[in-house]
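Good morning, and thank you for making time for this presentation. Please look at the structure on the screen while I go through the two chains and the place where they meet.

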Amino acid sequence: MDSVRVLIVDDSSVMRKIVERSLRQAGINLAQVLEAGNGADALGVLNQAKVDLILCDINMPVMDGLEFVQQLPGIDNAKGVPVVMITTEGSEGHVVKALSSGARGYIRKPFTPEQVKERVLPVLAGNQ
Amino acid sequence: MSAINPNPVTNESRQSWIPLLEIAAREVFERMLESQLTSPTNSVIEDGLDITSMVGLAGQICGVLTVRCTTASAVLMASKMLGVDASQAGSEMWDAVGEVCNMIAGNFKNKISGMGDGCMLSVPTVITGADYTLHSLAYSGKIETRLLFEGKPLIVSIEVHS
């Protein structure tokens, strides 16, 4: 697999670091890791940089993950970039909302590195 | 374990949530910190539990989920979550214990049938210090589980408002 530029969006800096570590443990070669603490900041990052994958929390201040995903079609650098939601909101309703908003995958917190691998690799391979 | 319907929210049904709360906490520590919580054999001493993380629940159930621990435990949580030495993790302890509380709250509500979609979580708040009293305007009961994290006390509780 080629190296991947990833944007991790979560209001917890600890969680952003855990997600990055889980991606590395999944064997994903990370060329660049960009971070944002909420959806609005993430849109700002995407106005400046291209990425290959976005991992995004739902419950965040300022702009939540669902609104962020809905705004992505208006960002040139985000066109075709897969989004995987990583969140404590793991109910069926939230999963449906996230997927219908444009997310390609969903990971519930708490998660294991193995679960991250199972959900992210197919998305990167374009299978989901 | 099978899901439990939260309605009606009686004291009896609340008591049935205690095992789910314990499982929710254990799963968070196992998956995110690679640490097994244990059950205390003696009564848990509350002295020194000077870190309190709180997450509000609103919807089908209104209340507050709290996680209480010592400062040393909070630093150790950050250390384990980040995979760094405890000496490098102190500045992240509030974020770590807040996120632990948030994940326990989310994991707990997802284990109760119908509550996953019918209950929202607030962002976490972390209080430092033990000399405070929590006043609720519509307090109607509390459940808690007392566990040990690396041998140190950890109290997870939910104060139900309605």
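I begin with a helix in chain A. Helix H5, residues 113-124 of chain A, lies across strands E1, E3, E4 and E5 of that chain, where E4 covers residues 83-87. Relative to E5 of chain A, this helix runs at about 170°. Please keep in mind that this is a predicted model.

Let us now turn to the sheet itself. In what order do the strands of the open sheet in chain A stand? The order is E2-E1-E3-E4-E5, with 5 strands and parallel pairing. Strand E2, residues 30-36, and strand E5, residues 105-108, stand at the edges of this sheet in chain A; each has a single partner strand, so one side of each is left without a neighbour in the sheet. On average, and with direction ignored, neighbouring strands here are turned by 20° against each other.

Strand E1 of chain A, residues 4-9, pairs in the parallel sense with strand E3 of chain A, residues 53-56, over 4 bridges. In this pair, A:Leu7 stands opposite A:Ile54 of E3. As a general point, side chains in a regular strand alternate between the two faces of the sheet.

Now to chain A as a whole. It contains 5 helices and 5 strands, and from the N terminus on the elements run β-α-β-α-β-α-β-α-β-α. For 128 residues, a compact globule would have a radius of gyration near 14 Å, and chain A, with 13 Å, agrees with this. The C-alpha trace of chain A spans about 35 × 30 × 30 Å along its principal axes. Of its 128 residues, 45% count as buried. Among contacts in chain A between residues at least 6 apart in sequence, 65% join residues at least 24 apart.

One residue of chain A may be picked out. A:Asp76 is found in the loop between helix H3, residues 65-71, and strand E4 of chain A. Is A:Asp76 buried or exposed? A:Asp76 has 9 other C-beta atoms within 10 Å, and is therefore exposed. From C-alpha to C-alpha, A:Asp76 and A:Leu46 are 8.4 Å apart in space, although 30 residues separate them in sequence.

I move on to chain B. Its 5 helices and 6 strands follow the order α-α-β-β-α-α-α-β-β-β-β from the N terminus on. A compact globule of 162 residues would have a radius of gyration near 15 Å, and the 15 Å of chain B agrees. Along the principal axes, the C-alpha trace of chain B spans about 45 × 35 × 35 Å. Of the 162 residues of chain B, 40% count as buried. Residues 24 or more positions apart account for 64% of the contacts in chain B with a separation of 6 or more.

How many of its 7 residues are buried? The number is 6, so strand E2 of chain B is largely enclosed by the rest of the structure. Strand E1 of chain B, residues 51-59, runs antiparallel to E2 and is joined to it by 7 bridges. The two are connected by a hairpin through 3 residues. Strand E6 of chain B, residues 152-160, also runs antiparallel to E2, with 6 bridges between them. B:Val64 in E2 is the bridge partner of B:Gly56, and in E6 the bridge partner of B:Val64 is B:Glu159.

Next, the contact between the chains. Chain B contributes 21 residues and chain A contributes 20. On the side of chain B that touches chain A, the elements giving two or more residues are helices H2 (18-33), H3 (71-82), H4 (93-110) and H5 (115-118) of chain B. The largest share, 8 residues, comes from H4 of chain B.

Finally, a word on confidence. The predictor gives the complex an ipTM of 0.86 and a pTM of 0.89. Chain B has a mean pLDDT of 87, and 90% of its residues reach 70 or more. Over residues 1-6 of chain B, however, the pLDDT is below 50, while this stretch has 16 contacts in the model beyond near neighbours in sequence. Where pLDDT is low, the predicted coordinates should not be read in detail.

Key
Residues numbered from 1 in each chain as written. Chains lettered and ligands numbered in written order. Predicted model: local features only at pLDDT ≥ 70, side-chain atom pairs only at ≥ 80, totals over all residues. Pairing = 2+ DSSP bridges. Axes fitted to C-alpha atoms, helices over the stretch in contact; angles between N-to-C directions. Contact = placed C-beta atoms within 7 Å. pLDDT = per-residue confidence, 0-100. Rg over C-alpha atoms; globule rule 2.2 N^0.38 Å. Buried ≥ 20, exposed ≤ 12 C-beta atoms within 10 Å, placed from the backbone.
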